[in-house]
Amino acid sequence: MSDAMPQLPAVSWVTNLKPDDRDLLSSYGEFIPAHPGTPLISQGDTQDNLYVVVSGSLEVSRDGQAIATVTEGEALGEVCLFDPGTASATVTPTIFSQLWRINRDELLSFINDNPGAGNQLLFALATTLATRLRNVGE
């Protein structure tokens, strides 16, 4: 059995971070297990976390209807980092999944402590949000 710490994958909005900066960012959040059938996020609940799927698969549903699947390397929850509020959907693992989670305060600490990497991260998050917003209109 390995005692190796999980690594935040170089995917999505963290792709452009140097490996050392990505490892440092990892330490500001936490790796968590997510079990099938147990909601990670529930529609209508307060939500201020950003998640990256390290492994596994999760179903996103709104009002009981499946609307998307989130798989390894994808992120979710970034809207609530910039506009804290309630979750617009329920997210439930379909298989055992490993995730990395960071909340708004932890992310702000990373950005303030590491301005160079923090600026890269903010730009990448903004790009991700803009792409998703553009795709909603199509």
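Tutor: Start at the hairpin formed by strand 4 and strand 5, which has two residues between its strands. Aspartate 63 sits in that turn, with a positive phi of about 55°. The model is predicted, so local features need pLDDT of at least 70 and side-chain atom pairs count only at pLDDT 80 or more, while totals for chains, interfaces and linings use all residues. Residues are numbered from 1 along each chain as its sequence is written, and side-chain values use heavy atoms, with hydrogens and water left out. Helices (H or I, at least four residues) and strands (E, at least two) are DSSP runs numbered from the N terminus.

Strand 4 covers residues 57-62 and pairs with strand 5 in the antiparallel sense over six bridges. Two strands count as paired if DSSP finds at least two bridges between them. Serine 61 has alanine 66 of strand 5 as its bridge partner. Glutamate 59 is bridged to threonine 69 in strand 5.

Valine 60 stands opposite valine 91 of strand 8.

Strand 1 pairs with strand 9 (residues 97-103) in the antiparallel sense over five bridges. Alanine 34 stands opposite serine 97 in strand 9.

Next, tryptophan 100, which lies in strand 9. Tryptophan 100 is buried, at a relative accessible area of 0%. Buried means under 20% relative accessible area, exposed over 50%, and partly exposed in between (1.4 Å probe, protein chains only). Setting aside neighbours within four places in sequence, the contacts of tryptophan 100 include Leu8, Trp13, Leu25, Phe31 and Val54. Contact means heavy atoms within 4.5 Å. The side chain of tryptophan 100 also has a polar atom 3.1 Å from the backbone oxygen of serine 26. A polar contact is a pair of N or O atoms within 3.5 Å; within protein, one must be able to donate a hydrogen and the other to accept it, and residues adjacent in sequence count only if both atoms are side-chain atoms.

Step back to the cores. The largest nonpolar core has 21 residues, and those with the most contacts inside it are Trp13, Leu25, Trp100, Leu107 and Leu121. Such a core is a set of buried Ala, Val, Leu, Ile, Met, Phe, Trp, Tyr and Cys residues joined through side-chain atoms within 4.5 Å. Helix 1, strand 3 (49-55), strand 9, helix 3 (104-113) and helix 4 (115-136) each give two or more residues to this core. Helix 4 gives the most, four residues. Apart from this core lies another, of 14 residues, among them Ile32, Ala34, Val53 and Ala87.

A side-chain oxygen of asparagine 103 reaches to within 3.1 Å of the backbone nitrogen of aspartate 105 at the start of helix 3. The buried residues of helix 3 are Leu107, Phe110 and Ile111. They cover an arc of only 95° around the axis, which puts them on the same side of helix 3. That arc is taken from the directions from the helix axis to the C-beta atoms. Asp105, Asn112 and Asp113 are exposed on the other side of helix 3. The buried residues pack against helix 1, helix 2 (78-82), strand 9 and helix 4. Leucine 107 touches Leu25, Leu81, Ile102, Leu121 and Leu125, not counting residues up to four places away in sequence.

Finish at asparagine 114, in the loop between helix 3 and helix 4. At 16% relative accessibility, asparagine 114 counts as buried. Its contacts, not counting residues up to four places away in sequence, are Leu24 and Tyr28.
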